[in-house]
Amino acid sequence: MGNRVAIVGAGMTKFVRRAQETGKELCYEAAKMALESCDMTLDQIDAVALGTAPDTFDGVHMKGEYLSDGAGAFGKPYMRSYVGGGTGVFSVAQGWYHIASGLIDTCLVICEEKMSSYRPHPQGAFMTIFDHTTERPLKPNLLWIFALEMNRYMNTYGLRKEDIALVAVKNKNNALDNPCAQIAKAVTVKDILNSEVLAWPVQRLDVSPVSDGAVALILTNETIARRVTNKPVWVEGVGWSLETSYWTNRDLCYPRYVEEAARMAYKMAGITDPRHQIHIAEPYDPFDYKELHHLEGLMLAGKGEAPQMTVDGITQRDGELPVCPSGGLLGVGNPIAAAGLMKLAELFWQLRGEAGKRQVARKVKRGVAQAWGDLMQVGTVVVVGV
Amino acid sequence: MSDRVGIIGIGATQFRSITPDVSYKELMFEAAVKAYDDAGINPRKDVDTFVTCAEDYIEGTSIFDEYVPDQIGAALKPVHTIGGDGLHGIATALLQLKTGRFDIAVVEAHCKPSNMVNPDGIEACGQDPIYNRPLELNTHFIAGLEMNRFCYETGATFDQCAKVVIKNRKNALNNPIAGRATLLTLDDFKHTDSVSCPLTELDIAQPVDGAVVIVLANESKIRDLKKEPVWITGIGWCNGTATLESRDWVYLDYVTKAAEMAYKMAGISDPQKEICFAEIDDRYSYKELQHLMALKLGCGCNPGNYVDNGHFEIKGEFPVNPSGGALGMGYMYEATGLARLYCAVEQLRGNAGKNQIKNAKTALVQGWRGLPTTSTAVAILSA
């Protein structure tokens, strides 16, 4: 059933509000770091898999083609995959099927985002993601629809804003130890509750920032992995699922698509009891409530129970199930596709014991990363282990 | 590596210059229903993975991936977009099937350019924003430069390029879904407007609306379903450079590399002998010749000469674009490669009607993403 696939190298640029580098240069920097991290050269790469979110950010049509040479794809098989915000984690699934097919031995997986090109603010780019007939005339905005979802989540389970804010506190504090972080800060629940209201109940510090950045991973088959490193991190399971476009017709309190994606990945990884078989998680946290939502979708917490897990400190770096030890999107930043891949880079470093000050207290052998995107619609999940 | 992969279902709409009566979702639905019917499957139960090929700017919607699942029966299933030609989607589906984790994959691509107010402006947004866009180049202008260079280097004449158009648009007359079929003469080219000399309006494939859906399965599933598949025996894809300044404007190395990857996988050592016909990208007249040369199907370094003796006609020694190609059927952006594949499958199944090539057993299909890209995919099909 397919060849085993390993992650053998990782590289990551700093996440910043406005990078001086072009998108191509960001790709180059991350790819070079990833190759150097495992003593490989571009000649040894058979194919390149790229992930990057909407073309509107950069104003470049066919952005994947534009980025190709920066991503090291000159003269190589090269494809860009795309599932909105879920792209970063999906790109590892893309790298996985390249190699598991047996047709490709080594694959450079690279995700880039440069949101700062869009002025004055990339929120404008999201105006065109809505249905042109039924929704765009209402001029919706991403923050509003996520505020709807957060409200629904809070109302369904009777959750308190203070408990949800603990996620932002944890992640922003975790990011203090991440050298690539954009908005790491020692904050308190009070700071979050006192921050500017954007669309109730979403406040400024509940939300991840706008960022530029790139992340790259090197994936290889088993034979090459064993030659390159004595600490390969195996891709044990991948899953993705896309819900209906008609988001107004479903209950927003639970991300069923994340559960479907997780079930697909867990089945492949042979996981039957995720809460005990997974030791560390990097769920997608563009908003603080989303980390909780996704922990439930990933079946790492019961429905409506993730906030209590956070209150109990289980998800802290020294907790029983460390969640977003990297600092997540809330602390490190959110260059959409790159943010998703950053989560797998973090798991790669954590599972190898190379996360430095961010290293979690417990011994970890298996982790899950997850991303989310489109119209609150897609879940992408990757399970990795040593 | 897991077992072989074959095509078990194809579906396409009519390709039309305008489709005011249907939305892009209805186009996708029609093609999908036809493909599932052809394959004898239920998308809700039988399909394991869906791939769509689309670009946001062409759709006029950011994160277009959002609007894919419902009309192809894919909601709450593994679905993702590839920002590439339909054939890149086929390569993706093949990779996924070969992992052994999936049995049936669906690839979809569509376009509705009749909704596009300013297609030239959109295509120009594909150019490098720093080095090229300030020059305000129209994409067809770049094609004119390339055509000039290609003809100068290889000795192909502008008339020979025109004959490619005449052949393809004539072939399309017998293709029931083609949208740009007509009879032309060399004289027509003398009376048509030049777009970017030597490129005339007639040298450019004109856009059409339409959708294509292809169903693929692995060998064991095909046996279970008792289907007669068209096998995909080889696949290759490759990118050259994104910059206009540093690329070779005559010899397309990236196409050669993609073809070599596909030939190697299919075990083909002499493509001209082992392949019966080709469905390749002809976004511009000269591109068909340039691609043939890069695919090593061009009969030497000047394929133009072979145009004159009818070598590439349906009844010729090596038929190229018997469907009519993009020039005859219409240009469909990311769906162009899938349209070529659809017609190649019809040929290999013996369903090409008046355009049927006798004993067509092996075909080459190639897609290219248009200027300013150097992105191509190649598939080898076998009956």
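B:Y333 is found in the loop between α14 (325–329) and α15 of chain B; helices (H or I, at least four residues) and strands (E, at least two) are DSSP runs, numbered from the N terminus. The model is a predicted one, in which local features need pLDDT of at least 70, side-chain atom pairs count only at pLDDT 80 or more, and totals for chains, interfaces and linings use all residues. Residues are numbered from 1 along each chain as its sequence is written, while chains are lettered from A and ligands numbered from 1 in the order in which they are written.

B:Y333 has a phi near 50°, a positive value in a residue other than glycine. B:Y333 is buried, with 27 other C-beta atoms within 10 Å. Here a residue is buried if 20 or more other C-beta atoms lie within 10 Å of its own, exposed if 12 or fewer, and partly exposed in between, with C-beta atoms placed from the backbone. Another non-glycine residue with positive phi is B:L76, at near 60°. B:L76 belongs to the loop between α3 and β3 of chain B and is partly exposed, with 19 other C-beta atoms within 10 Å.

Turning to the chain as a whole, chain B holds 15 helices and 11 strands. Its radius of gyration is 19 Å, close to the 21 Å that the globule rule gives for 383 residues, so chain B is as compact as a globular protein of that length. This radius is taken over C-alpha atoms, and the globule rule is 2.2 Å times the number of residues to the power 0.38. The C-alpha trace of chain B spans about 55 × 45 × 40 Å along its principal axes, and 63% of the 383 residues are buried.

The axes of α4(B) and α15(B) (residues 336–348) come within 5 Å and cross at roughly 70°; axes are lines fitted to C-alpha atoms, for helices over the stretch in contact, and angles run from 0 to 180 degrees between N-to-C directions. The two helices are therefore roughly perpendicular to each other, a term for angles of 65 to 115 degrees, with those under 35 counted as roughly parallel, over 145 as roughly antiparallel and the rest as oblique. B:G86, B:L87 and B:I90 of α4(B) make the contact with B:T336, B:G337, B:L338 and B:L341 of α15(B), where contact requires C-beta atoms, placed from the backbone, to lie within 7 Å.

In the second pair, the axes of α7(B) (residues 158–171) and α12(B) (residues 285–294) come within 7 Å and cross at roughly 100°. Here B:C161, B:A162, B:V164 and B:V165 in α7(B) meet B:S285, B:Y286, B:E288 and B:L289 in α12(B).

Between the chains, the contact takes 50 residues from chain B and 51 residues from chain A. On the side of chain B that touches chain A, the largest share, 5 residues, comes from α4(B). Strand β3 (residues 78–82) of chain A and β3(B) pair in the antiparallel sense over 2 bridges; strands pair if DSSP finds at least two bridges between them. Within this region, A:Y82 stands opposite B:T81 in β3(B).

One joins A:R119 and A:P120, with omega about 0°, and A:P120 is found in the loop between β4 (106–114) and α4 (142–157) of chain A. Another joins B:C197 and B:P198, with omega about 10°.

Notes. Two residues are in contact if their C-beta atoms, placed from the backbone, lie within 7 Å.
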